[in-house]
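Have the viewer open as you read.

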Amino acid sequence: MYNAMLRKGYDDTPQDAVESMVAVHNFLNEGAWAEIVGWEQRFSRGLSRGWDYCRKGEAAFDTIAPSDVSTMQPPRLLRFQGRPKEMTPKAKAIQALGQLYPAKFKGDPPFDRHDWYVQRHTPDGKKHEVRYVIDYYSGPPEPTGEPVFYLDVRPAVDTPTAAAERLIRWGGDVWHRASGAEARVPTTQRT
């Protein structure tokens, strides 16, 4: 990792800091992979099944899908590409909104961006390549001094299907909360 940082021009990092940087790097990669697996669990069986999972809100997924998820073939990482100097369109939009509405959207831009290419397995045995974009943000440290990171992981809008997946996941959760389902339906009946 130290040699890779030197190649990228980061020559001000002490060599003894590399071990903790590797730990953080691995932690962030595991978090990104967990998010990708969550997307794949929702949508590898198609948009209709994805809607069934998403329309009851993010919190309900773990109670709705366990039997389906256990029979799925997991996704496979094909390759990844670090693109730290290129902001995603969403990150650019959030930065622009921060200029217009600083009280609501002001924040630092992502410190890194990756594109991960994943092989999706569908129930009919087909395999599809899906590109995910990941924006890495840092937040204010914990009171203990521990660093805080936020990941924004989502399918790249390369295809109409990927755009629909993003809309369904976001829209399903928003609709669930906005329609008052949390208050109307007892937790035991949401599945």
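## Ground rules

Helices (H or I, at least four residues) and strands (E, at least two) are DSSP runs, numbered from the N terminus. The model is predicted, so local features need pLDDT of at least 70 and side-chain atom pairs pLDDT 80 or more, while totals for chains, interfaces and linings use all residues. Residues count from 1 along each chain as its sequence is written, and side-chain values use heavy atoms, with hydrogens and water left out.

## Helix H8

H8 has 19 residues and reaches 26 Å from first C-alpha to last, close to the 27 Å expected at 1.5 Å a residue (that is, 1.5 Å times one less than the number of residues). Its buried residues (under 20% relative accessible area, 1.4 Å probe, protein chains only) include Glu-165, Arg-169 and Asp-173. Just past H8, Gly-180 has a positive phi of about 80 degrees.

## The nonpolar core

The largest nonpolar core has 14 residues, with Ala-32, Trp-116 and Tyr-136 among those with the most contacts inside it. Such a core is a set of buried Ala, Val, Leu, Ile, Met, Phe, Trp, Tyr and Cys residues joined through side-chain atoms within 4.5 Å. H2 supplies the largest share, five residues.

Setting aside neighbours within four places in sequence, Tyr-136 is in contact (heavy atoms within 4.5 Å) with residues including Leu-28, Ala-32, Trp-116 and Leu-151.

How values were computed
Buried means under 20% relative accessible area, exposed over 50%, partly exposed in between (1.4 Å probe, protein chains only).
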